[in-house]
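Hi,

Here is the structure I said I would pass on. Have a look at it first, and then read my notes below.

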Amino acid sequence: MAASWKYFGVRTLNALIVIVIVVFILSALFSTLAENQLEASISETIRGEMQNIEPGVNQTKYRERRQSELRSQYNLDEPTYIRVFYSAVDTLMLDFGQSHSITDPDGGKEVSSIIMSRLPRTVLLFTTAAVLYIILGLIVGLKAAQVAGSNVDKFISLFGMAASSIPMWWLGMLVIQTFGFQLGWFPPSAFPFPILENVGWSDYIVGVLRRMAMPLFTIVFVYFGARAWATRNIVTGVLQDDYIMAARAKGVPERKVIYGHTLKSAAPPIVTSAILAFLLSIGGAMITEMVFGWPGMGRLMWQAIQQDDVPVLMGTAFITVFLYVVGYLIADLIYGLLDPRVEVGAERSV
Amino acid sequence: MVIHWDDLWERFKEVMHEFRGQTIGMIGLGIIIMMLLLGIFAPFIAPDTNGEWDNTERWQDNPRNAAPVWADYLQPGSRARHKVDHDIVQKENETVTGTDIHINEYEMKYNMDYDYPPDDIYAALKGDMINPSDSRRQSFQIDVERPDNRTYSRLIEAKSDSSTSESFDKRFYLGRSSEVRDRIYNWGRPYAEGKSGMVARNLEVSPSIVTPGDTVNIVGRLKNLGNNENTTSLTIDGEEVGTYTVEGGESLTLSPGPRYPELSQTFEEKGTYDIKLGDQQWTVSVVDEDKLETDIEVTNLEDNYYAQVGDEVNFKFTANNTSNETIEDSVYVSGNRVKNFTIPPAEMVDIDVSFKVDSEGTVPIMVGDQTSRVFVSIPGLPTRRDIDPVQVMFSKANEDVLSNDPDPLKGEYTIKIRTIGDDVELDKNSRIIFSGRVYGLMGTDSSGHDLALGWVWGARYALMIGGTIAILTVVLGTLYGMTSAYFGGWVDEVMQRLNEIILGINAFIIVILIMYLWKKSVWVFIGVYGALQWRGIAKIIRSRGLQIRQDTYIEAAESLGSSGGRIIRKHMIPQILPYSVAEAALMVPLFVMTEAGLSVLGLGDPNIVTWGTMLSEAREHALAGGYWWWVLLPGLGLILLGFSFIASGMAIEKVVNPKMRQR
């Protein structure tokens, strides 16, 4: 038990270090590369203020005063490493500052409240999808492993292989083209999203479900094949272990071999990867959200890029990285609990 | 570092020998090799594509949004193929006697043999002037003769601006010109309205209110919709004053002159006169001198009103009484009073008029000294904006001619081009393009890009991007993992902790930020992914390395006094490299898809053409229009490439790791 506590501690510390390092990398990127952009936005702001300046105020003095005020507000008068440090600390304290143009539903410009207004929608879509494709993938994958080598298994493997090479957002585009525009069954874009206060509960639920249908189908379609395939590969791998062969040779019934012996040792990787998929789903998929116009985190990040809203970009980037690291941490800890022999770390795309 | 190539080669042969037995793996490898060849020879297969993608000149001869040619066989009916024809034949070159005006006539034959005619006709006329005059005046006319002898005359009438240049370069898009649209619509309307025989149009009598002894001029146009000669007469109050004969399919323009003296009429008696040409009618009022000199100023009256049969026409105008007396006057529609009004002296009044129209044609309105007219059409008729002019041009002249689905008129069409002014000579580059509804292997997009050419470059860049990152990944990952495994102890511990930190970095977010903040370049993407993605492989290689290290032959080599580096090179690399290659192959699809995704997000490299470039444009323009090929085909490239790498990677994995094999 002591060894596993040590493992937990090391792993958690590791994750914290990763978060700090990544935040410093992000801050360094922003502080050095976004400097010109900040300068430009400061002169833009000042130019805007000069338009409405009251007559009689000394223009040059006003400009200089505002310039130094704004420069110190963005820490531009400090040396680069200090700015990196400040912005990294701010980010770690979850203080992302004010957005430039993007607002939350109440018109507020606090980046953290903008993110909090978007995060639940991403969770709604991607977590629902994760639950569906994990269950479907498990059922289909076990079935395939049971009949390994048969045509059904070959078809599932082929489908899994093909589905893992489908870009989700591309399938989304086809789905939008077909079911959104040609057949007109669902709204081609989830935007504008229904607002509960304006439409009432029943219309809100119907509106959300209608907007969710196409992205949900797309995500589940792309991921469940890959999950079924992965499950199948893990289970068939275990099926070749010596003790399974021994069990079979002893005459243990096939069902018992699969659901008893095999699942026992196949469970840790399957459960861990399912949990990982579930946790990472909260981060969403930026391009998919953007293609469907789903107003969650991913689309927010895209909006920030489009509108040059650096604080929002920084905030969403941090949250995404944070969820990614924490997702891996929890998955690893659970894996460590289930199977103390091995440490794990699987790659996964965003 | 010296690598033992012969050991590697032996190992490669060994793996390849077993790889051959993997059907899906072999298919994958075959696809990769084919794409590789396509990619290597892209500059020859698809010249002038990369770097010319944003050059509109490069794609101007291509159709817009044309489906692939093979799509024609998937649906009923045949669609026009694309045709770029340079075969413009000079027919005539004459000088108008007594002037220095030259008329050159050219023509081109086009055999329209499709159920869905071309989308557009585009004439690019280039040439030089021979002995240009000072003014360098030039005008162009384009006519189209149909197989049924109904000609579109003066579809295009364009005068070139006088310039100092001695050459010209003119482009006429028949399908996109609003002038052509109007002419074709007016041509098709009588057929669509179900008329036949002789049709009168544009009858106009001016002035409409005169005093006794004044002369009025009558103009109009007759068109014979039938195939045989036909006659119509002009009547004034039922009395025939002229008869006109028109050949089948031809039209006749009527205007006063020595040929038609009856088109200038003088009225001596006061009263109203009905002038009729065919079914068109106009009323002339002959009034006292003082009535003509009206003191009403009418404003806010439109020149034209539009209505459909059965509609109530409502309009409003302002009448200003400029005299000192109360004036009574009326609004006349086709010579009938529809509204009387009284205006007190020196006052301004808004007057509403409303009347019903119950037959189609042109209805004249007269108020004070102003005239206006109402164009009355039959309800249900498509509007000008609804029609596809070039499709109408190639369709049978019947009631469906203006609809979405007119009957095609197959046969030989003649495009006639006339230049009037200075003598000219068309150069060889002049061409007429019949824009296809289907084009090439993969169709075109809304900018006219040939998607097949873009696809070839997409394959090239996909392999380049995926391949470069994969090689970086294999090299870095193998080196890192093996070093860690070989040394073990605290070196291994430190390297593993560091690797875990790198594993925690979300490469996608980092690359987005760097490309957004710094440079949208494919090399930035390759650099960032190459620098980060070896981490997973390093981990796998390390654990394989630890296994191999325990193998007895390494121990034997060590005890025989081999150096660490030599053991790694001679024994570990050949054993481990296939694993790295398999793992890297499995990651290639992710790299390629990510690059495409970045393009869709607007972070693609603007200087190259990738599948992502095409898909990013498709996301904006293809979805609502239903241009499925534009979305489907670049995406299939991604899937094909992804599938082939995953299939090959899995196959290598199975060969080198027998546990993966099916029982």
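How many residues does helix α2 of chain B have, and how far does the helix reach from its first C-alpha to its last? Keep in mind that this is a predicted model. Helix α2 of chain B covers residues 23-40, which makes 18 residues, and it reaches 26 Å. That is close to the 26 Å expected at 1.5 Å a residue.

Now turn the helix around on your screen. The buried residues of α2(B) are B:Gly25, B:Gly28, B:Ile31, B:Ile32, B:Met35 and B:Gly39. If you look down the axis of α2(B), these buried residues fall within an arc of 125°, so they line one face of the helix. The general rule is handy here: an α-helix has 3.6 residues a turn, so residues three or four places apart point the same way. On the face of α2(B) turned away from the buried side you'll find the exposed residues B:Thr23 and B:Met34.

And what covers the buried residues of α2(B)? The cover includes α1 (5-19), α3 (42-45), α8 (451-487), α15 (611-621) and α16 (628-656), which belong to chain B.

Next, the aromatic rings. The count comes to 39 aromatic pairs over all chains. One to zoom in on is B:Tyr110 with B:Phe434, a stacked pair with 3.8 Å centre to centre and 5° between the planes. B:Tyr110 lies in strand β3 (residues 102-112) of chain B and B:Phe434 in strand β27 (residues 431-435) of chain B, so this pair ties together parts that are 324 residues apart in sequence. Both B:Tyr110 and B:Phe434 are buried.

Then try B:Phe525 and B:Tyr529. Their ring centres are 4.7 Å apart and their planes sit at 35°, so this pair counts as tilted. Both residues lie in helix α11 (residues 522-532) of chain B, four residues apart, which is about one turn of the helix. B:Phe525 counts as buried at 1% relative accessibility, and B:Tyr529 is buried too, with a relative accessible area of 3%.

Chain A has something for you as well: A:Phe155, A:Phe159, A:Phe217, A:Phe221 and A:Phe224 form one aromatic cluster.

Last, a couple of charges over rings. B:Arg58 lies over the face of B:Trp59, at 4.2 Å from the ring centre. B:Lys519 lies over the face of B:Trp518, at 6.0 Å from the ring centre.

Terms used:
Residues are numbered from 1 along each chain as its sequence is written. Chains are lettered from A and ligands numbered from 1 in the order in which they are written. This is a predicted model: local features need pLDDT of at least 70, side-chain atom pairs count only at pLDDT 80 or more; totals for chains, interfaces and linings use all residues. Side-chain values use heavy atoms; hydrogens and water are left out. Rings of Phe, Tyr and Trp (its six-membered ring) pair if their centres lie within 6.5 Å; planes under 30 degrees apart count as stacked, over 60 as edge-to-face and the rest as tilted. Helices (H or I, at least four residues) and strands (E, at least two) are DSSP runs, numbered from the N terminus. Buried means under 20% relative accessible area, exposed over 50%, partly exposed in between (1.4 Å probe, protein chains only). A charge sits over a ring if NZ of Lys or CZ of Arg is within 6 Å of the ring centre and within 35 degrees of the ring normal. The expected span of a helix is 1.5 Å times one less than its number of residues. The arc is that of the directions from the helix axis to the C-beta atoms. Contact means heavy atoms within 4.5 Å.
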